[in-house]
Amino acid sequence: MPLLVLNQERQVKMISSSIGIWNYWIVFLLMMIGLFLVIGRKNFLKKIVGLAIFQTSVFLLYITFGKIAGATPPILNEALDTVYSNPLPHVLILTAIVVGVATTALGLSLVLRINSEYGSIEEDDISAQDLVDYHDEIETSKKLKSKFVK
Amino acid sequence: MTDILIKNLPILVVLCPLMMSLFVVLISNAFISWILTLLTTVLTFILSILLFQEVQIQTYISYALGNWAPPLGIEYVIDKVSIIPIIIISSISLLSTIFSYKLMPFEVGQSSISKVYSLWLLAIAGLIGLVTTGDAFNLFVFLEISSLASVALVAMGAKKDKQALVAAYNYLVIGAVGATLYVIGVGLLYSITGTLNMEDLSNRLKEIDNNRALIAGFGFMITGIMVKAAVFPLHIWLPRAYSYAPSAVSVLLAATATKASLYILARILFSIFNISDDLIIITLNYVILPLSILAMFAGTIMAIYEKDIKRLLAHSSIAQIGYITLAFSIGSKASIAAGFIHMFNHALIKGGLFMAITSIGYYLQKRVTINNLSGLGRQMPITFFCFILCSLSLAGLPLTAGFISKLYLIKATISSEGIWIVFLILFSSALSLIYLWKMIEALWLHENIKKIIINENPYIYISLLIITFLNIYFGLDASLIVNSSEGAANTLMGFSK
């Protein structure tokens, strides 16, 4: 497991600095900001923005895994003892970015449709409207409520 | 020729719906696009049957995508475990395609039919890919293909009811958060093992113990998949998404989408990680077991108080997912087999119930609530007959498929866990009779005030009849399901050793 060994070496280096690898702090911060926006905001558009930030933090997390301290970009060169950075996480993240773009696009188009149907993208407005509709349906059908067959 | 076909089956079963979805979107004629979709699902079904036969001989089929050798390249794995969800998905998608012929134009409008069927095939391709792949990251891609396609399908219900948009939106956001959590988990595992191939991952994880990244990665993966599988506290997206989607979409999603995710859950718990690991034992006993018991009761009680029938069935799905995860959480060979048996039977039962209820909705031309069901049982005897049989199967009466799964679940529970879980299972299935009776009472014993005359359409009830027949058939002769589920459990437990 070369990656594990290298990671351990990196951890030794990490302990020497008191805050550790600060990429991880940024990842953590972005992740929490994104997740907070998704959970805490009532505005549908802001939730999508939060989701995008949340996904971006994961991209950064993967890129950080791929970086090996003191390594060169993974382009083959003559020297035999070159340490290369791991290129695989970058490729994975290319895929994840495409998925993220698709998710954001679909989310935004849904927000557009919601706005044209409800005239609002605030969760409270929409659930109030839905509740009225739901009760109307139940109540109107209650008036038709039938008797038992005699 | 047949050799080439057999060799490439694992990829063909995914590629067939994926490629056809690109063709279908180009066709403007509604009927032709339906025919093409039907042909594709028939073909997928045939391919999956061939795969099933092949797996009985070879037990483990590995396909290197693009001819890159497995630990580095992406591997597609068909074994006795993954064949079960493949059969479920391909057979249900065939039946629901037949079912959708009359309902789809009525619900989404003639003009967008071909686009809907394109998404439909894309969702099927995503679900089959999800269970076929043996690569943890590739799994995420398929997870997103299937969930984005099903979000768009749910949103198609907006023509009938604008709430479908909000339901689709919630499904998208919650699903995307779940998938992202899964990716974080995969990333953490990758950082400590350096591999993404599931089998390789499980081999390398054995050499590592007491690593915090491993525990965190496991937690992220499990949580992400539990969101997708709608395990109890993470289920909020499900009732709305299923109840506002177009009818045929509800049938497809209710019967297949969560099953694929449950299969992934089993794969992570038992084949990537080791069942004898403390981490897994703690997760099973203190997380999944209590959540499943809560799910059984919460789902059933919510269903009892629900007036909207599609939502009622969705709540009952949450309870049924609880039975499946309960079976997994006990963690013995017999109970995992019981989980797979119930996975298969629940697809048949819930597919049948959703078909019956949504076809009533088609005749009524409005949302089906408990009050406007009254007296319809007498108007539409065939649908009602199928509905009764599927309900009995859900409640677990003898001679139905539901009985077999309850029987094996209880047998497995008695032999390994305390007797109190058996009582809880029996009690919650007795509670489920309340909401089933509520519907049957409205359908049969109430008088129809509006005097609606309904002529049942054979295009709609043919697939309902088939699925009901399967419910009864697998209740009488369950050997096929039981054998393949036991094979699956053996493979799953053997994989980790």
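User: Which helix is B:E441 found in?
Analyst: B:E441 sits in helix α18 of chain B, residues 419–444. Helices here are DSSP runs of H or I with at least four residues, strands are E runs of at least two, and both are numbered from the N terminus. This is a predicted model, where local features need pLDDT of at least 70, side-chain atom pairs count only at pLDDT 80 or more, and totals for chains, interfaces and linings use all residues. Residues are numbered from 1 along each chain as its sequence is written, while chains are lettered from A and ligands numbered from 1 in the order in which they are written.

User: Ok, and is B:E441 buried, exposed or partly exposed?
Analyst: B:E441 counts as partly exposed because it has 15 C-beta neighbours inside 10 Å. The cut-offs: buried is 20 or more other C-beta atoms within 10 Å of a residue's own, exposed is 12 or fewer, partly exposed is in between, and C-beta atoms are placed from the backbone.

User: Switching to helix pairs. At what angle do α5 and α6 of chain B cross?
Analyst: Roughly 150 degrees, with the axes of α5(B) (residues 113–132) and α6(B) (residues 136–155) coming within 8 Å. Axes are lines fitted to C-alpha atoms, for helices over the stretch in contact, and angles run from 0 to 180 degrees between N-to-C directions. α5(B) and α6(B) are therefore roughly antiparallel to each other. On the naming, under 35 degrees is roughly parallel, over 145 roughly antiparallel, 65 to 115 roughly perpendicular, and the rest oblique.

User: What's the handedness of α5(B) passing α6(B), and what classes of residue are in the contact?
Analyst: The crossing of α5(B) past α6(B) is left-handed. Left-handed is when the near helix is turned anticlockwise from the far one by less than a right angle, and right-handed is when it is clockwise. The contact of α5(B) with α6(B) has 15 nonpolar, four polar and no charged residues. Ala, Val, Leu, Ile, Met, Phe, Trp, Tyr, Cys and Pro count as nonpolar, Asp, Glu, Lys and Arg as charged, and the others, Gly among them, as polar.

User: Which residues does B:L153 touch?
Analyst: Leaving out residues up to four places away in sequence, B:L153 touches B:V116, B:L119, B:W120, B:A123, B:A245 and B:V249. Contact means C-beta atoms, placed from the backbone, within 7 Å. B:L153 is also among the residues that touch the most other members of the largest nonpolar core, which has 217 residues. Such a core is a set of buried Ala, Val, Leu, Ile, Met, Phe, Trp, Tyr and Cys residues joined through C-beta atoms within 7 Å.

User: Which helix gives the largest share of this core?
Analyst: That's α7 of chain B, residues 163–193, with 22 residues.

User: How does α7(B) pack on α10(B)?
Analyst: At about 140 degrees, with the axes 8 Å apart; α10(B) covers residues 237–244. α7(B) and α10(B) are therefore oblique to each other. The crossing of α7(B) past α10(B) is left-handed. The residues on the α10(B) side are B:W237, B:R240, B:A241 and B:Y244, and those on the α7(B) side include B:A164 and B:A168.

User: And α11(B) with α13(B), what's the angle there?
Analyst: Roughly 20 degrees, and the axes of α11(B) (residues 247–272) and α13(B) (residues 309–330) come within 11 Å. That makes α11(B) roughly parallel to α13(B). α11(B) passes α13(B) in a right-handed crossing.

User: Last one: how many helices and strands in chain A?
Analyst: Five helices and zero strands. Of the 150 residues of chain A, 21% count as buried.

Key: Two residues are in contact if their C-beta atoms, placed from the backbone, lie within 7 Å.
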